[in-house]
Amino acid sequence: MENLNNGSAPLLEIENLRKVYPNGYEALSNISFNIRGGEFVCIIGRSGAGKSTLLRCINGLIPITGGKLSVHGEDLGGMSEKEKLLMRRRIGFIFQEFNLVDRLSALRNVLLGRIGYMSDFNALIGYFSQADRELALWCLQRVNMVHRARNRADSLSGGEKQRVAIARALAQKPLLLLADEPVASLDPELAWGVMDDLKTVSREENLPTLVNIHDLEIAKKFADRIIGIAKGRIVFDGVVADLTNEILSELYRSDNPNLKSRY
Ligand SMILES: Nc1ncnc2c1ncn2[C@@H]1O[C@H](COP(=O)(O)OP(=O)(O)O)[C@@H](O)[C@H]1O
Ligand SMILES: [Mg+2]
């Protein structure tokens, strides 16, 4: 696969990112970090910390309020909506609820990853080139799902659905993979298997990957690097071995005195 992650420049650069929602709520402040090729980064923090907001900002789905955010050296802040669309097709996004089209086959779902590269006409009539079909099958093979290529998405198990979603993201030939709680809807054994596939794909393609995950044990098992967010700020950025109990209690501390934090 074409590999654009060779350069030494960071694939993703975030500097002093701030996000204030229209209702005035400041969901992110002072967020700064860089991601380089092949890094597998887990973003941890309690519910409401700002993890999903961060991924939506990186994907250009919501506008940032301040700071700088660039992907592959291109500043998202200064982009028109059209330019953002072009950038978004190079960012694979994996959702908690898979977001497959139920009535389409696994293969067709993966082919949807190519839509951003097709003419409006071909997209409208659903015409995919032979090269796209071969790419889609190759992507399914990367997650051991070729044998299910012809099966309808709604006939697949949760773990299989998420593998198809990973293949679809891969079919975009992404520069960057973002996954928002990709295994939160799966049973624990399935969750570990899907995380394993995601990490393998990320490593083999040298694809920088950011995974929002609330499950600390999974994050510790798979992450090369962990970014911990509490109340919209980074409180930790480092390797698992440096994650102390003090940091964990800051990350998972509850403001509600009636709720006992796990840490
Ligand atoms: N569209 C929105 N408008 C206002 N506040 C929002 C919006 N979306 C999320 N928030 C708030 O921003 C904070 C961070 O949310 P989110 O990024 O979803 O956190 P996480 O993914 O870590 O659970 C939460 O307090 C949430 O209620
Ligand atoms: Mg979230």
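**Close-up 1. Surroundings of Glu-181 in the predicted model.** Outside the four places on either side of it in sequence, Glu-181 touches Lys-51, Gln-96, Asn-212, Ile-213 and His-214. The model shown here and in the other views is predicted. Glu-181 sits in the loop that runs between strand S7 (176-180) and helix H7 (188-204). Although Glu-181 is buried, it has no salt bridge. Lys-51 carries the nearest side chain of opposite charge, 4.5 Å away. A salt bridge here needs a side-chain nitrogen of Lys or Arg within 4 Å of a carboxyl oxygen of Asp or Glu. Lys-51 is thus among the residues that Glu-181 touches, but no salt bridge is assigned to Glu-181.

**Close-up 2. The salt bridge between Glu-39 and Arg-225.** The side chains of Glu-39 and Arg-225 meet in a salt bridge, with an N to O distance of 3.0 Å. Glu-39 is in the loop between S2 and strand S3 (40-44), while Arg-225 belongs to strand S9, so the pair ties together parts that are 186 residues apart in sequence. Glu-39 and Arg-225 are both buried. The structure holds eleven salt bridges, and the Glu-39 and Arg-225 pair is one of the bridges described in these views.

**Close-up 3. The salt bridge between Glu-204 and Arg-142.** Glu-204 forms a salt bridge with Arg-142, and the closest N and O atoms are 2.3 Å apart. Distant parts of the chain are linked by this pair, since Glu-204 is in helix H7 and Arg-142 is in helix H5, 62 residues apart.

Close-up 4. Arg-152 and Asp-154 are joined through their side chains in a salt bridge of 2.7 Å, N to O. Arg-152 is partly exposed, with a relative accessible area of 42%. Asp-154 also counts as partly exposed, at 36% relative accessibility. In a separate group, salt bridges that share partners join Glu-39, Arg-225 and Asp-237 into one network.

Close-up 5. Just after H5, Asn-144 takes a positive phi of about 55°.

Close-up 6. Asn-30 is not a glycine, yet its phi is positive, at about 55°. Asn-30 is part of strand S2 (residues 26-35) and counts as partly exposed at 46% relative accessibility. Lys-231 likewise is not a glycine and has a positive phi, of about 50°. The position of Lys-231 is in the loop between strand S9 (225-230) and strand S10 (233-238). Lys-231 is exposed, with a relative accessible area of 62%.

**Close-up 7. Lys-220 in helix H8.** Lys-220 is found in helix H8, which covers residues 216-222. With a relative accessible area of 33%, Lys-220 is partly exposed. Neighbours within four places in sequence aside, Lys-220 is in contact with Ile-226 and Val-240. Leu-251 is 31 residues from Lys-220 along the chain, and the C-alpha atoms of the two are separated by 14 Å.

**Close-up 8. The contact between domain 1 and domain 2.** The protein chain is divided into domain 1 (8-90 + 177-201 + 208-256) and domain 2 (98-173). The C-alpha centres of the two domains lie 25 Å apart. Domain 1 gives 13 residues to the contact and domain 2 gives 14 residues.

Note on methods: Residues numbered from 1 in each chain as written. Chains lettered and ligands numbered in written order. Predicted model: local features only at pLDDT ≥ 70, side-chain atom pairs only at ≥ 80, totals over all residues. Heavy atoms only, no water. Helix = DSSP H or I, 4+ residues; strand = E, 2+ residues; numbered from the N terminus. Buried < 20%, exposed > 50% of the residue type's maximum accessible area, 1.4 Å probe, protein only. Lys, Arg positive; Asp, Glu negative; His and termini not counted. Contact = heavy atoms within 4.5 Å. Domains from an automatic or database assignment.
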